[in-house]
Amino acid sequence: MAGSGEKSKKLQLYSYWTSSCAFRVRIALNLKEYLKLNPLGYVPTLVDGDAIIADSFAIIMYLEEKYPQRALLPQDLQKRAINYQAANIVSANIQPLQNLAVLKYIHEKVGPNEATPWGQSHIRKGFEALEKLLKDYAGKYATGDEVYMADLFLAPQIHAAIKRFEVDMNQFPTLLRVFEAYQELPAFQDAMPEKQPDATG
C-alpha cells in the first residue's frame with residue numbers, strides 16, 4: 001500500500017466483537033485481503049495513515065474507492081442501486097432500532113421483558129422488505145453469484161437475528177439461503193463475532 005521509500009502504514013480497525021457495524025467492515029476488509037487486523041475499540045473506526053473514518057457505510061465506501069480490486073459494488077447500475085437499498089434497509093431501518101443502547105432504554109423505560117420483542121418486531125419488518133427487494137435479484141448471494149455490499153450488511157444482521165433475537169428465519173427463505181452461502185466463505189467466517197480477539201463468550 002505504501003509507495004517506494006515510504007514507511008508502510010497499516011490499516012487499524014477500532015471495533016467491538018458483537019457490533020454488527022464492525023462485523024460488516026471486517027468482512028469488507030477480509031474481502032479486500034487485509035486479514036490480520038486486531039480490533040481495538042468499541043465502534044467501527046478505520047485509521048489509514050492520516051485518514052480516520054467512522055461509520056461502517058463510510059468505511060466500506062472508502063475501502064471500495066481506495067482499493068478497487070475485488071469490487072464490493074457491481075458495474076450494473078440497477079444491481080448497484082439494489083445493493084445500496086439493501087444496505088440502507090439494514091443500516092437505517094433495522095440495526096439502529098435493535099442496538100444495545102435502544103434495547104437498554106426499552107428494558108429500563110418500558111419493561112424488562114419488552115426489549116427482545118421490540119428487536120424482533122423491527123428485524124421482521126426489515127426482513128420482509130428485504131425479501132421483497134431481493135427476490136428477483138438473488139442468486140447464490142443477495143444480488144447474484146458474487147458477494148457485494150448488500151451481503152456485507154445482511155450477514156451481520158441475519159447473524160444477530162438468529163443468535164441474539166431467535167428470529168425464525170424460515171419465514172425469510174431468500175435471506176436464509178444467502179446466509180447459509182456466507183458460511184462457506186473464509187472472509188465471512190473470519191469476521192464472525194466469536195472469532196474476534198475481544199470476544200467474551
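The model is predicted: local features need pLDDT of at least 70, side-chain atom pairs count only at pLDDT 80 or more, and totals for chains, interfaces and linings use all residues. Residues are numbered from 1 along each chain as its sequence is written, and side-chain values use heavy atoms, with hydrogens and water left out.

**Overall fold**

- The chain has eight helices and three strands. Both are DSSP runs numbered from the N terminus: helices are H or I with at least four residues, strands are E with at least two.
- From the N terminus, the order of elements is β-α-β-β-α-α-α-α-α-α-α.
- Of the 201 residues in the chain, 49% are buried. Buried means under 20% relative accessible area, exposed over 50%, and partly exposed in between (1.4 Å probe, protein chains only).
- Take the contacts between residues at least 6 apart in sequence: 71% of them join residues at least 24 apart. A contact means heavy atoms within 4.5 Å.

**Helix packing: H3 and H6**

- The axes of helix H3 (residues 77-94) and H6 come within 7 Å and cross at roughly 30 degrees. Axes are lines fitted to C-alpha atoms, for helices over the stretch in contact, and angles run from 0 to 180 degrees between N-to-C directions.
- H3 and H6 are therefore roughly parallel to each other. The classes are roughly parallel under 35 degrees, roughly antiparallel over 145, roughly perpendicular from 65 to 115, and oblique for the rest.
- The H3 and H6 crossing is left-handed. That term applies if the near helix is turned anticlockwise from the far one by less than a right angle; clockwise gives right-handed.
- H3 contributes Asn83, Tyr84, Ala86, Ala87, Val90, Ser91 and Ile94 to the contact, and H6 contributes Met149, Ala150, Phe153, Leu154 and Gln157.
- The H3 contact with H6 has nine nonpolar, three polar and no charged residues. Ala, Val, Leu, Ile, Met, Phe, Trp, Tyr, Cys and Pro count as nonpolar, Asp, Glu, Lys and Arg as charged, and the others, Gly among them, as polar.

**Helix packing: H4 and H5**

- Helix H4 (residues 100-109) packs on H5 at about 135 degrees, with the axes 8 Å apart. H4 and H5 are therefore oblique to each other.
- H4 passes H5 in a right-handed crossing.
- Val102, Leu103, Ile106 and His107 of H4 meet Ala115, Trp118 and Gly119 of H5. This contact of H4 with H5 has five nonpolar, two polar and no charged residues.

**Salt bridges**

- The structure holds two salt bridges. The criterion is a side-chain nitrogen of Lys or Arg within 4 Å of a carboxyl oxygen of Asp or Glu.
- Asp48 and Lys66 form a salt bridge at 2.7 Å, N to O. Asp48 is in strand E2 (residues 45-48) and Lys66 in helix H2 (residues 56-66), 18 residues apart.
- Asp48 is buried at 8% relative accessible area, whereas Lys66 is partly exposed at 43%.
- Lys140 and Glu184 form a salt bridge at 3.9 Å, N to O. Lys140 lies in the loop between helices H5 (115-134) and H6 (149-163), and Glu184 in the loop between H7 (173-182) and H8 (186-189), so the pair ties together parts 44 residues apart in sequence.
- Lys140 is partly exposed at 39%, and Glu184 is exposed at 54%.

**Positive phi**

- Most residues other than glycine have a negative phi.
- Asp55 has a positive phi of about 85 degrees. Asp55 sits in the loop between strand E3 (51-54) and H2, and is partly exposed at 46%.
- Arg70 has a positive phi near 60 degrees. Arg70 sits in the loop between H2 and H3, and is partly exposed at 30%.
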